[in-house]
Amino acid sequence: MAKLPDISIHFPTEQGFCHPDWEAISEVIETNLQESEWNAAWLLVSRHWLGQIRNTLGGDYQIHETPNFMILSEAPPRVIKDACQSFENSLKRILSGLEGV
């Protein structure tokens, strides 16, 4: 992926939490990257946002990823593993029940 321009200006903090300007971020991505790179860019942006939230919350919060979900939690690893599996299984069932989606 080509280098994503600095988008930190689009992650302002209000009332102690990061509130991204999603429209501005989308414009930066779509203007500076090839369409084939957009998904990878959004993945990076999502990780950055969750990282900011994790840092704000403190504690033992960790970011967990599955092929289709990102989870920010301080739950024990076993609980997160079960939740991740449940989320992925539910998505598969939903998509198989909505043929053509």
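The protein has a radius of gyration of 16 Å, whereas a compact globule of 101 residues would have one near 13 Å; the radius is taken over C-alpha atoms, and the globule rule is 2.2 Å times the number of residues to the power 0.38. The structure is a predicted model, in which local features need pLDDT of at least 70 and side-chain atom pairs count only at pLDDT 80 or more, while totals for chains, interfaces and linings use all residues. Residues are numbered from 1 along each chain as its sequence is written, and side-chain values use heavy atoms, with hydrogens and water left out. Along its principal axes, the C-alpha trace spans about 40 × 35 × 25 Å.

Three helices and four strands make up the secondary structure, in the order β-β-α-α-β-β-α from the N terminus. These elements are DSSP runs numbered from the N terminus (helices: H or I, at least four residues; strands: E, at least two). Of the 101 residues, 24% count as buried (under 20% relative accessible area, with exposed over 50% and partly exposed in between; 1.4 Å probe, protein chains only). Contacts are defined by heavy atoms within 4.5 Å; among those between residues at least 6 apart in sequence, 29% join residues at least 24 apart.

The accessible surface comes to about 7200 Å², and carbon and sulfur atoms account for 52% of this area. The areas were computed by the Shrake-Rupley method with a 1.4 Å probe; for residues, only the protein chains shown count as cover.

Within helix 1 (residues 22-32), the buried positions include Ala24, Ile25, Ser26, Val28 and Ile29. The buried residues of this helix pack against helix 2 (38-57).

Glu88 is located in helix 3 (residues 77-97). This residue is buried but forms no salt bridge, and Lys92, the nearest side chain of opposite charge, lies 5.9 Å away. A salt bridge requires a side-chain nitrogen of Lys or Arg within 4 Å of a carboxyl oxygen of Asp or Glu. When residues up to four places away in sequence are not counted, Glu88 touches Thr66, Pro67, Asn68 and Phe69.

Ala75 occupies the loop between strand 4 (70-73) and helix 3. With a relative accessible area of 26%, Ala75 is partly exposed. The C-alpha atom of Ala75 is separated by 7.8 Å from that of Tyr61, 14 residues away along the chain.

Terms used. Lys, Arg positive; Asp, Glu negative; His and termini not counted.
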